[in-house]
Structure formats: C-alpha cells, structure tokens
Amino acid sequence: MIDDRKYLLEAFMEAEKAKDEGTYPIGAIIVDSDGVIISRGRNRVFSEADTTAHAEVDAIRNAGSTMVDLENKKLLKRSYTLYTTCEPCPMCSCTILLSFSIKRVVWAANDMEIGAMRKFKEGPHFLDRFNKISFDAAPFRDLEMRQRKMLAEWSSQRGYVDNHWQNDMDTLME
C-alpha cells in the first residue's frame, strides 16, 4: 500500500495542474506491473472545452500506444493499475473496462453522487468484464479529505456552495 500512496500523490500532481487550468481538480496516472508510470492525465473539461476530457480518459488516451498493437490491429491485454484522485464516473469506468489493459484501479476519494466503479462492480452490468478488475476505494483518509477539499473549493468558486463534496466531507469529519 505504500506504493499506492506514492502513485496517488503523483495523480494529485495532475489534479493540481487541472485546478490551475481552471477545471475539475482530478488527476490520474497509469502504472505498469514494474511500477513504471506509463501515462499521466488530468481533467481538461473546461481547459479543452471537451466534456469527455476526464482525467482517467486523458491518461488512457496518453497510454494508447502501450495498449494497442497497431500493426496487427489488436488490443494488448496488459496488467496496468490506474490511480486517480476521485472514483471514476460511468464514462470513465466503461473506458477503463474497454481499455482491456487496466486490471486494477485505486482512487483517493469515493464519489457518492456520480462515482460508478463500485456500482458497476456490484450491479448486473458487464459483470463478466468488471469482475476481472479489482479496485481499492479511498485507502488513505488524508488523501480522500484532500481530494474532497479540492473539489468542494472548486465547486464553491463556481457558485455551488452547498455541494455534495462539502456535505460528504462534513459527514466524514464527524
């Protein structure tokens, strides 16, 4: 779990960049089985005016050449871990699923409103595929609180003072 923390902190570096660019402060990295970071991504929804530019999708796009054999037109089935500062949404969860190379996902903060990885894993959707992916949800409380604080502040700056990130954080602090 020490490595998990190390890689989550790397993902937070991307989240800080996203925040500085004026978009959702969420970051992600992809690590191979030897512990080498092969890709980085951050949310670029507002910086790129692209609603699909989530951190996890950005990291997967940036890792494309390690996941696809272009010459033989095949998807490579590697054993990568994706680290992200926030639980993946439905789009990102399905993108992870269809990458075929990500076998484990670790995130810093659960997202009770739009997080989907746990819901998909527990529900009837794509069970045969989701059962091949393991995950570790919010293994470090301080990092979860850090991500929640970043998203609560970002939401508040946009005028959403009563947001679920703040409310969830208040509940967790009790």
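Let's start with E10 and R40, whose side chains meet in a salt bridge at 2.5 Å, N to O. By salt bridge I mean a side-chain nitrogen of Lys or Arg within 4 Å of a carboxyl oxygen of Asp or Glu. Helices (H or I, at least four residues) and strands (E, at least two) are DSSP runs, numbered from the N terminus.

A word on what you're looking at: this is a predicted model, where local features need pLDDT of at least 70 and side-chain atom pairs count only at pLDDT 80 or more, while totals for chains, interfaces and linings use all residues. Residues are numbered from 1 along each chain as its sequence is written, and side-chain values use heavy atoms, with hydrogens and water left out.

Back to R40: it is partly exposed, with a relative accessible area of 30%. Here buried means under 20% relative accessible area, exposed over 50%, and partly exposed in between, with a 1.4 Å probe and protein chains only.

How many salt bridges does the structure hold? There are 15. Another one joins K19 and E16, with the closest N and O atoms 3.7 Å apart. Both of these residues lie in helix α1, three residues apart, about one turn of the helix. K19 is partly exposed at 33% relative accessibility, and E16 is partly exposed at 26%.

R44 comes from the loop between β2 and α2, D58 from helix α2, 14 residues apart. Elsewhere, salt bridges that share partners join E10, E14, K17, E21, R40 and R42 into one network.

D58 brings us to helix α2 itself (residues 55–62). Six of its eight residues are buried, so the helix is largely enclosed by the rest of the structure. The buried ones are A55, E56, V57, D58, A59 and I60. What covers them includes β1 (27–31), β2 (37–42), α3 (64–67), β5 (80–86), α4 (90–99) and β6.

Next, the aromatics. The structure holds five aromatic pairs; rings of Phe, Tyr and Trp (its six-membered ring) pair if their centres lie within 6.5 Å, and planes under 30 degrees apart count as stacked, over 60 as edge-to-face and the rest as tilted. W107 and F135 form a stacked pair, 5.1 Å centre to centre with 20° between the planes. W107 is in strand β6 (residues 102–109) and F135 in strand β7 (residues 134–137), 28 residues apart. W107 is buried at 0%, whereas F135 is partly exposed at 22%. Ring pairs also link Y24, F46 and W154 into a cluster.

My last stop is Q147, in helix α7 (residues 141–157). Q147 is buried, with a relative accessible area of 0%. What does the side chain of Q147 reach? It reaches the backbone oxygen of P25, at 2.9 Å. Q147 also has contacts (heavy atoms within 4.5 Å): not counting residues up to four places away in sequence, Q147 touches F12, A15, P25, I26, T85, C86 and A109. Thanks, everyone!

Conventions:
A polar contact is a pair of N or O atoms within 3.5 Å; within protein, one must be able to donate a hydrogen and the other to accept it, and residues adjacent in sequence count only if both atoms are side-chain atoms.
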